[in-house]
Amino acid sequence: MKFSHNLKISTLLLVVLSAISCTQKEAKVVDNVIIDTLQVFPFKMPIEKPNIPLSASSERMFNYPTPRVQDNELFSQFKYTRLNGFDYNNGDGTISRRDPSRPILVNDTYYVWYTKRHTVVPPIGWNRAAEATDVIPSTDWDLCDIWYATSKDGVTWEEKGVAISRPEKPKSGWRSVATPDILVWKNKYYLYYQAFDEPSGLRGDLCPVSISYADSPNGPWTHGGDKVIPFGKEGEWDHKATHDPQPLVHDGKIYVYYKAAYNKWPDNRSNYAVGHGLAIAEDPLGPYKKHSLNPVMQSGHETTYWPYKGGVATLAIKDGNERETIQYAEDGVNFKMASSVS
């Protein structure tokens, strides 16, 4: 009996030691740090996701470009600096500049294009659009032209004048031209912008995209086309808008991202959602074909897109569940969050 009892104890010890030995065998070395794959998160940040049970937050760390935010090129804490060289009529609301294009560097000079309004009175509001006249604007982007400015350092600017002016009625954009962005393609410059044919707010913002082009960033600009990105069919998410065109070159083609507000009732503007579509062309003047997965982005408002490491990055601000993030898509279509920004 005593021998049998000792045998049971010895067998139990062997099982325990065997389990400990197996556990130790599963430990591995990653970046000179011993990680027990059945134990806790290591003190030194792993480069790759460790093969241990992780919380949802720890899992997400390794979905970003780098697990440490300080190493992430697509992270920023933005700071604002007041620009020099622009007059605002003592802030009385009669002058505004908004919706700047991306700045481009030509030789040693920066160029930027923007929406400028200079009216006799400030805007009266979108909900009073029916009262707007040829001199009274409804919104900040009503009765506007597209201006441009230059700078040597990006802080002090010299306003150069009008780049795109409102054409005569009834040509597209006779009411206002606004929200420009710039594309450089084969030594030519292309300005994409919105063209209003009625006061903003009268029926929302019904303003398709127009294009003008020039051989120099200083112009002169030649009208290249209207309604180059058509509205969607009735009932589709973008059937009332193609706003804020953002052109860039990806895979040798012209990618234009655009915004549309949807989920809006005629008498209720507070339940809207904002999506971003993508239209692709072989030439800046089109024709453009919309991507089958539109909207390709469901967050952000007047969002900025730019080429990054073979793909496309975007800063999503203001609207959506993923607002205040920078996102990245290797294919320019399927975006994933790269960082949260402030």
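This is a predicted model: local features need pLDDT of at least 70, side-chain atom pairs count only at pLDDT 80 or more; totals for chains, interfaces and linings use all residues.
1. Salt bridges, to begin with: the term is used here for a side-chain nitrogen of Lys or Arg within 4 Å of a carboxyl oxygen of Asp or Glu.

2. Residues are numbered from 1 along each chain as its sequence is written, and side-chain values use heavy atoms, with hydrogens and water left out.

3. Asp 99 sits in the loop between β3 (95-98) and β4 (104-106); helices (H or I, at least four residues) and strands (E, at least two) are DSSP runs, numbered from the N terminus. Its phi is near 55°, a positive value in a residue other than glycine. At 9% relative accessibility Asp 99 counts as buried, where buried means under 20% relative accessible area, exposed over 50%, and partly exposed in between (1.4 Å probe, protein chains only).

4. Which parts does the pair of Glu 73 and Lys 309 tie together? Their side chains meet in a salt bridge of 3.4 Å, N to O. Glu 73 lies in the loop between α2 (56-61) and β3, and Lys 309 in the loop between β16 and β17 (311-316), so the pair joins parts that are 236 residues apart in sequence. Both residues are exposed.

5. Another salt bridge for your list joins the side chains of Glu 158 and Lys 160, at 3.6 Å, N to O. Glu 158 is partly exposed, with a relative accessible area of 47%, and Lys 160 is also partly exposed, at 39%.

6. Now the largest pocket, with a volume of about 1,600 Å³. Of the 40 residues that line this pocket, Tyr 80, Pro 100, Ser 101, Pro 103 and Thr 304 are the closest to its centre. On a 1 Å grid over the protein atoms alone, a pocket is an open set of points where a 1.4 Å probe fits, with protein on both sides within 12 Å along at least five of seven lines; lining residues have an atom within 4 Å of a point. Grid points are joined across faces, edges and corners, and a volume is the space filled by probe spheres set on the points. Strands β3, β5, β8 (176-185), β12 (243-250) and β16 (304-308) each supply at least two lining residues. By class, the lining has 20 nonpolar, nine polar and eleven charged residues, with Ala, Val, Leu, Ile, Met, Phe, Trp, Tyr, Cys and Pro counted as nonpolar, Asp, Glu, Lys and Arg as charged, and the others, Gly among them, as polar.

7. The second largest pocket holds about 960 Å³ of space. Its lining has 36 residues, and those nearest the centre are Gly 204, Asp 205, Ala 261, Lys 264 and Arg 269. Strands β9 (188-196), β12 and β13 (253-262) each give at least two lining residues, and the largest share, three residues, comes from β13. By class, there are 13 nonpolar, eleven polar and twelve charged residues in this lining.

8. Some backbone details are worth checking by eye. The peptide bond from Gly 219 to Pro 220 is cis, with omega near 0°, and Pro 220 lies in the loop between β10 (209-214) and β11 (222-225). The bond from Gly 286 to Pro 287 is also cis, with omega near 5°; Pro 287 is found in the loop between β14 (273-281) and β15 (289-290). Asn 263, in the loop between β13 and β14, has a positive phi near 65° and counts as partly exposed at 43% relative accessibility.

9. Finally, Gly 252 lies in the loop between β12 and β13 and is partly exposed, at 48%. Gly 252 and Asp 283 are 31 residues apart in sequence and 9.8 Å apart in space, C-alpha to C-alpha.
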